[in-house]
Amino acid sequence: MTTDNGEWEREPDPSDSLRAFGAVVQALREHAGLSRAQFGELVRFSKHTVESVELGRRMPDESFVERAEGVLGNTGALRKAARHLTRGEPGLAAWFRRWARLERVAVSLCMYECRLVPGLLQSEGYVRAVFDNSIPLLTNAQLEAQVTARLERQEMLRERPSVPFSFIVEESVFRRRLGGVDVMRGLLDHVLELSAPRNVFLQLVPLEAEVHACLDGPLQLLETPEGRRLAYSEGQQNGRLIADSKEVSLLHQRYDTLRSQALNPKDSWGLLERLRGEL
């Protein structure tokens, strides 16, 4: 997409492929001994556009790719790389995208949350309350993209009835009235509905629990179709995919221990119903 002056609009959420393409352009340009300004003159684009492409902020059009190829040796590298360019996935944080793609094909998925209800179980009202609390504030377009992406992720619960989904959540999360009483009523109804199928296991860690194996924070675990076990942890403005087998094994031990410390699914269901009745 271009603006009125011929410049492309900045990508709102750069993808990994855009960043990789930009790095290739920069490496070839520097190898040719050209500054961004010099290269821009040769390809007939501004220095700022060249910079934006190299940093993965803009999707290059066909003319940029062809002119860059001619200037940088006609190796075919840029043409081939351009075939695989994709825009960012709206509504998904850059650090979460890889995990989100793994989620969609996982043969099992486990989540422990102590901050808020897991995204896969959130009602639309609760999702909106979560993003309404974002700092800095989101634009209306950004908020709608976030809501849509989160609700679309939930479809895997309905579309994959043979995949086991395990959730362990702190009771305190359901007692926090984020968004108000009506939002929490809708959330509890939604969670009870989503956790009803036989392949979805929801356990609550009660407020009076005296032992706790996951005090270091939330975590997610999955197994790929190839049998590989991976983990993911997330904090303020960052997320980390964990592939080291020893670290993943340790996190599995913690999750399995917490599963034995939490209420069983039947008692957890009963607690949710009681919380719903208190609203």
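Helix H7 passes helix H8 in a right-handed crossing, a crossing being right-handed if the near helix is turned clockwise from the far one by less than a right angle, and left-handed if anticlockwise. The model is predicted, so that local features need pLDDT of at least 70 and side-chain atom pairs count only at pLDDT 80 or more, whereas totals for chains, interfaces and linings use all residues. Residues are numbered from 1 along each chain as its sequence is written, and side-chain values use heavy atoms, with hydrogens and water left out.

Helices (H or I, at least four residues) and strands (E, at least two) are DSSP runs, numbered from the N terminus. H7 spans residues 124-132 and H8 residues 140-153; the two pack at an angle of about 135°, with their axes 10 Å apart. This angle makes H7 oblique to H8, as angles under 35 degrees count as roughly parallel, over 145 as roughly antiparallel, 65 to 115 as roughly perpendicular and the rest as oblique. Axes are lines fitted to C-alpha atoms, for helices over the stretch in contact, and angles run from 0 to 180 degrees between N-to-C directions. On the H7 side the contact (heavy atoms within 4.5 Å) involves Glu124, Val127, Arg128, Val130, Phe131 and Asp132, which meet Leu143, Glu144, Gln146, Val147, Arg150 and Leu151 of H8.

Six strands form an open sheet with mixed pairing, in the order S3-S2-S1-S4-S5-S6. Its edges are strand S3 (200-205) and strand S6 (238-242), each of which pairs on one side only. From one strand to the next, the twist averages 10°. Two strands pair if DSSP finds at least two bridges between them. Strand S4 (residues 219-223) and strand S5 (residues 229-235) are joined in the antiparallel sense over four bridges. Glutamate 223 has arginine 229, in S5, as its bridge partner.

Glutamate 171 lies in helix H10 (residues 171-175). With a relative accessible area of 4%, glutamate 171 is buried; buried means under 20% relative accessible area, exposed over 50%, and partly exposed in between (1.4 Å probe, protein chains only). Not counting residues up to four places away in sequence, glutamate 171 touches Leu204, Val205, Pro206, Leu207, Glu208 and Leu271.

A disulfide is a pair of cysteine sulfur atoms within 2.5 Å, and by this rule the count is zero. The sulfur of cysteine 110 is 11 Å from its closest cysteine sulfur, in cysteine 214, too far for a bond. For cysteine 114, the closest cysteine sulfur is likewise in cysteine 214, at 8.9 Å, again too far for a bond. Cysteine 110 counts as buried at 14% relative accessibility, whereas cysteine 114 is partly exposed at 26%.
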